[in-house]
Amino acid sequence: MGTNVVAALRGVSMSIAAGEFVAVMGPSGSGKSTFMNLLGCLDHPTAGEYWLGGQEVSKLSGDELALVRNRKLGFVFQHFNLLPRTSAIDNVALPLLYSGTPVAERHGRAERRLIQVGLGDRLDHHPAQLSGGQQQRVAIARSLANDPMLVLADEPTGALDSRTSIEIMALLQVLNREGITIVVVTHERDVANFAGRIINFRDGQVVEDHPNAAKDAASELARLPLAEAVAP
Amino acid sequence: MNFVATLRVALNALRINKLRSALTMLGIIIGVAAVIVMIAVGQGAQARVEDQIRSLGSNIIMVMSGSALSGGARGGSGSQQTISEDDAYAIAREVDEIQGAAPTLRGTGQVVFGNANWSTGFYGTTADYLEVREWQVAEGRGFETSDMNSAAKVVLLGQTVAKNLFGDANPIDQVVRVRKVPLTVIGLLERKGQNMMGQDQDDVVLMPISTARKRVLGAALAKSRSVGSIMVKVRQGADMSEAESKMRDLLRQRHRLQPGQDDDFFVRNLSEILQAQEASSRVLSLLLAAVASVSLLVGGIGIMNIMLVSVTERTREIGLRMAVGARGRDILTQFLVEAVTLSLIGGLIGIVLGVGGSFLVGALAGWRTELSITAIVLAVGFAAVVGIFFGYYPARKASQLLPIEALRYE
């Protein structure tokens, strides 16, 4: 590491309204990851401001950022990042552990979230006993555990086959209709097309930011031949 | 995140890696067990010395006859009978610090009862002897002044002698023969055990000094007043060296020694010898504990090693926990609790093994071991400190990870 300061993002100014479904695109090195890290309060901006839900979070300390991540944000990762050898329900309850939710309530809330993502019958399964799509559903349930205002999904379909990808996008669309703001980072146009707004990054700048007529993932799924689902 | 939750997370992490947790604990287990066993052995040795001091009687000074010079060759102590019975009475009478002084004449001989016989040592002494040695009569009675004056044909038996002559029967009022002289058993001494040389102190027969002189030892000594040694007990709280020098002055005066002339007697402070031995056994037990502590230390380093590996291996997990809202101190607590839990569980198993090991050493090696609560508390406390100390560095390392870097770690 040198001492050169690389400005990963330059002159990016935008607002995302509550209830939007945004896809962030761009080639690697375009700054979209840095943008996501800033949105997710995982990184401090060296300059500039970031307001989340009426609070300026760019000036908060590490502990305060942890609180914001816990209460206002949910994360979905490309490789799921579930705790191994830990049941689905305990994985989902993880954020509740850090928000001081009483034990009795934790279990109930985690269970409801798992039912919401369609895994009500897999509560005690370990990640190794679940398919990729199911694991990502557990991860989504976890991101919802603390009723966040914003869910950030970093390449949520990157490790999944195309049908499962559409299933996951359908789930995110359902959540979005229930009022949760969602930002998805992807490099696949097919995935981005399920979003209501597409932002394109290149060399640390926004080169494209336009509304998108979102495709409905559920009906897309219905059109797929069933054979593809069972094909090896 | 509250403590119970942290504890549960830590226990879960340990449970997931059972073999590794067990191996990590092994260091602490061995360390704690070693500390407990070593302290038990050390304290056992110390307790033995203390017992010997107690069995000798505390604050004892021995006065022995000086050496004789015959043809240029010096005899050993007692080769010349320079001290007398009257010296003992004078010491008891004139030196304030002295609680009692017992002159003793020593002899050996065959003791016979019926068709049983036993060779043993006998002491001719006074009633003061039992007081000086802090020796009680288990059955019957001790000597009385009238026994002394009349050279009464009475005897006190030590436990070993009584057992060899009478078995389990009651020896009181039976007549035994010591060197063919019939003496009535008036009392049985309580058990005293071994002395510091490993001699059986119960293998003894006591009789009034006058009886020994006039009836048992024979004509040669009948008219003399000399004795082999005087056993002196200094009063509790009195200054031993003060008493010793007063006694020395008194004896020199009584023996009419000129200034500059050598003492014709020896004075030995037995308690001092034993206290020196006690001090050395204390050093020994400290040394044993110190050596054992080293293994605890090594166990602690083992914990640090494993925790460091664990932090590296679980970097992504740490990143995830941070992403979902764990603060640095939550991560710190989690890893610290893991390390301390490891060392405490190891410590508890170590206690069990240490206690068992102490009994085993006692049973197999025949050493006396003394378990002490202090040692156990100390060992486990030390284990916990080791856990915190060696767990802190890896835990701190984990807590200072940046969430984005931890999440991206491959």
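This is a chat about two chains of a predicted model.

Student: Before we start, what are the ground rules for this model?
Tutor: It is predicted, so local features need pLDDT of at least 70 and side-chain atom pairs count only at pLDDT 80 or more, while totals for chains, interfaces and linings use all residues. Residues are numbered from 1 along each chain as its sequence is written, and chains are lettered from A and ligands numbered from 1 in the order in which they are written.

Student: Thanks! How many residues does each chain bring to the contact?
Tutor: Chain A brings 19 residues and chain B brings 17. Two residues are in contact if their C-beta atoms, placed from the backbone, lie within 7 Å.

Student: And which element of chain A gives the largest share of the side that touches chain B?
Tutor: That is α2(A), with 6 residues. Helices here are DSSP runs of H or I with at least four residues, strands are runs of E with at least two, and both are numbered from the N terminus.

Student: What about the classes of residue on that side of chain A?
Tutor: There are 9 nonpolar, 6 polar and 4 charged residues. Ala, Val, Leu, Ile, Met, Phe, Trp, Tyr, Cys and Pro count as nonpolar, Asp, Glu, Lys and Arg as charged, and the others, Gly among them, as polar.

Student: Switching topic: which residues touch the most other members of the largest nonpolar core?
Tutor: Val24(A), Val184(A), Val32(B), Val35(B) and Ile36(B) do, in a core of 120 residues. Such a core is a set of buried Ala, Val, Leu, Ile, Met, Phe, Trp, Tyr and Cys residues joined through C-beta atoms within 7 Å. A residue is buried with 20 or more other C-beta atoms within 10 Å of its own, exposed with 12 or fewer, and partly exposed in between, with C-beta atoms placed from the backbone.

Student: Which helix gives the most to this core?
Tutor: Helix α2 of chain B, residues 18-56, gives 15 residues.

Student: What does Ile36(B) contact, leaving aside neighbours within four places in sequence?
Tutor: Its contacts include Ile351(B), Val355(B) and Ala379(B).

Student: Why does Arg85(A) count as partly exposed?
Tutor: Because it has 13 C-beta neighbours inside 10 Å.
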